[in-house]
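Please open the model in your viewer and keep the selection panel at hand. The stops below say what to select next and what is there.

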Amino acid sequence: MKVLSIALNTFRENLRDKLLYNLLIFALLMIGSSLLLMRLTLGEFHRLLLDIGLGSVNIFSVLIAIFVGIGLVSKEIDKKTIYTIVSKPVARFEFLLGKFFGLTITLLVNMIIMTAGLLAVLVAQSVPIEAVLFKAIGLILLECMVVTAVALLCSTFTSATLSAIFTLAIYVIGHLTADLKTFGQKMDGLGRSVLEGMYYLLPNLERFNLKGNVTHHIDVPLNELVLIVAYGMAYAAFLLLLASVIFQRRDFR
Amino acid sequence: MESTAETIVEAKNLTKVFRVGFWGRRVTAVDGLSLDVRRGEVFGFLGPNGAGKTTTIKMLMGLIYPTSGTASIFGYPIGAPQARAKLGFLPESPYFYDYLTGREFLRFYGHLFNLRGTTLEQRVDELLETVGMSHARDLQLRKFSKGMLQRVGIAQALINDPELVVLDEPMSGLDPIGRKEVRDLILRLKESGKTVMFSSHILHDAEMLCDRVAMIMKGRLVACGHVSELLAGSTTHEVEMVIDRLLPEALERIRPLAGKVVLQGERVMVVLASQQDVDQALDVIRSAKAKLVALTPHKASLEDLFIREANVIQSAKEAPVS
């Protein structure tokens with residue numbers, strides 16, 4: 001299957017890229033450093049370990065999604081490698097999907113390594129490991145897939161630098177959409193409609209954040225989890241569809 | 001001979017207008033271009049840099065969309081998967097996935113044609129052999145020289161055993177040996193029954209290889225046809241003579257016959273325009289006991305045609321001003 005071939009090729013490209021290893025090493029160092037910080041806290045050190053650990057997994061995965069994501073397509077266009085792909089019997093959307101899943105595989109492998117590091121720290125400090133931790137990590141992957149789709153969409157119509165700025169902006173706003181809604185409710189007329197429109201249009205990335213649940217040992221019921229996963233998948237699919245439509249019309253000059 | 005052959009690439013009035021800059025100024029890169037490539041021939045697509053060769057090829061490959069006009073390959077509209085399955089393409093100054101080794105690189109392209117397993121492995125080894133790159137099969141592409149990249153690039157274009165091979169500037173940036181290898185490869189492809197279309201601004205290569213050529217300037221087709229037909233209209237009978245030990249008084253007898261005389265120490269080079277002049281000059285040389293070193297008839301070349309067409313376009317452009 002062509003999508004899979006392109007995905008595996010993208011994964012291989014990522015594996016041979018130094019950026020990825022730098023980020024991974026930093027992430028593992030951060031997770032490890034929580035052991036030192038733990039000595040500075042009074043009590044609640046379980047919470048600190050989980051907070052820093054999950055935070056590191058989240059931040060570094062998102063960084064990979066954004067900075068590798070923006071280059072997925074634009075690098076192929078800049079280096080003209082795309083000419084040889086698109087002139088083969090490969091549909092443009094197949095190329096985009098291949099790139100998307102390639103980075104998803106990369107993220108998955110990275111997260112497995114980071115999670116292993118986190119678990120090692122937790123086990124060493126005999127912190128109880130609960131199911132909600134894995135749910136939280138799963139949702140971080142889903143969040144990264146949405147962020148990747150945003151980066152991919154941006155890179156189909158603009159430069160790598162602008163894509164990075166747009167994607168970062170959407171990531172930040174995506175975590176503050178609840179505030180947009182609250183703010184909108186305090187306004188009336190046009191302002192209210194605009195802010196509410198933005199609330200529904202932008203990805204609500206806060207939905208994928210279960211870090212509070214993990215540190216406070218509150219499990220998430222399955223039906224709620226299914227809803228969140230469906231929301232993430234649908235949102236990413238919508239972005240990929242939009243990216244395909246734009247990409248299909250594009251001239252490779 | 002090829003006139004009865006099946007047409008496999010056909011472009012009709014292809015036009016591409018780009019919008020450039022902030023204000024979207026319109027620039028016509030290709031203007032109403034029509035051409036056809038027939039089965040089994042080597043077709044040269046010639047023109048100076050910036051003439052619109054690459055833009056035309058990109059339109060044929062479905063990388064950019066024509067503003068107007070149509071084109072078909074194997075009877076399918078451009079971009080159709082059925083046409084792409086029988087097509088191989090090498091882009092201009094290609095950059096490839098430099099983190100892959102030669103073999104991984106070809107394997108990846110094979111997968112895009114759904115080639116798998118031993119069939120694919122055999123094909124990859126065979127192609128690396130064909131382009132003389134077997135020694136670099138496990139070397140990453142980032143360590144390749146330009147000539148090596150060009151060769152795996154050609155191998156990539158042949159992975160699906162295509163009927164039509166389109167090469168955009170396959171010889172640019174290569175040293176004389178590399179150019180000869182690419183020329184030989186094109187001839188081998190022709191021998192094995194494939195159709196080759198290639199673009200070049202190096203006319204000498206085209207003259208040696210092509211059955212038919214199309215010449216494009218400023219986005220417009222200026223000539224298209226068999227090389228011999230195109231040259232028929234611009235034959236010259238100039239002969240270049242190089243003479244040693246020619247005494248000054250003998251030189252004075254030749255000078256009125258010659259169009260051009262160049263003195264290099266003992267050696268004299270003269271250019272003569274007609275057979276009659278050549279005979280007379282030879283008589284002078286014999287009687288003066290000078291030594292004839294070389295006698296070279298000047299053949300009309302595509303280059304002459306090219307320069308003539310360029311001058312026509314230039315003067316047409318300047319005409320309204322004066």
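Begin by colouring chain A and chain B separately, since the area buried between them is about 2900 Å², with carbon and sulfur atoms giving 54% of it; buried area is the accessible area, taken with a 1.4 Å probe, that two parts lose on being put together, summed over both. Now select A:Arg16, A:Lys88 and A:Arg253, the residues of chain A that lose the most area to chain B, together 21% of what that side buries. This is a predicted model, in which local features need pLDDT of at least 70 and side-chain atom pairs count only at pLDDT 80 or more, while totals for chains, interfaces and linings use all residues. Residues are numbered from 1 along each chain as its sequence is written, chains are lettered from A and ligands numbered from 1 in the order in which they are written, and side-chain values use heavy atoms, with hydrogens and water left out.

Next, show the contacts (heavy atoms within 4.5 Å): 27 residues of chain A are in contact with 35 residues of chain B. Between the two chains there are 16 residue pairs in polar contact, both residues being at pLDDT 80 or more; a polar contact is a pair of N or O atoms within 3.5 Å, where, within protein, one must be able to donate a hydrogen and the other to accept it, and residues adjacent in sequence count only if both atoms are side-chain atoms. Select α1 (2–15), α4 (81–86) and α11 (222–249) of chain A, each of which supplies at least two residues of the side that touches chain B; helices here are DSSP runs (H or I, at least four residues), numbered from the N terminus. The largest share of that side, six residues, comes from α1(A).

Then move to A:Asp251, which lies in the segment after α11 of chain A. Its side chain meets that of B:Lys16 in a salt bridge at 2.5 Å, N to O, a term that requires a side-chain nitrogen of Lys or Arg within 4 Å of a carboxyl oxygen of Asp or Glu. The side chain of A:Asp251 also reaches the backbone nitrogen of B:Tyr65 at 2.7 Å.

Finally, select A:Ser126, in the loop between α5 (92–124) and α6 (131–155) of chain A, where phi is positive, about 40 degrees, although the residue is not a glycine. Most residues other than glycine have a negative phi. A:Ser126 counts as exposed, because its relative accessibility is 59% and exposed means over 50% relative accessible area (1.4 Å probe, protein chains only).

Notes:
Buried means under 20% relative accessible area, exposed over 50%, partly exposed in between (1.4 Å probe, protein chains only).
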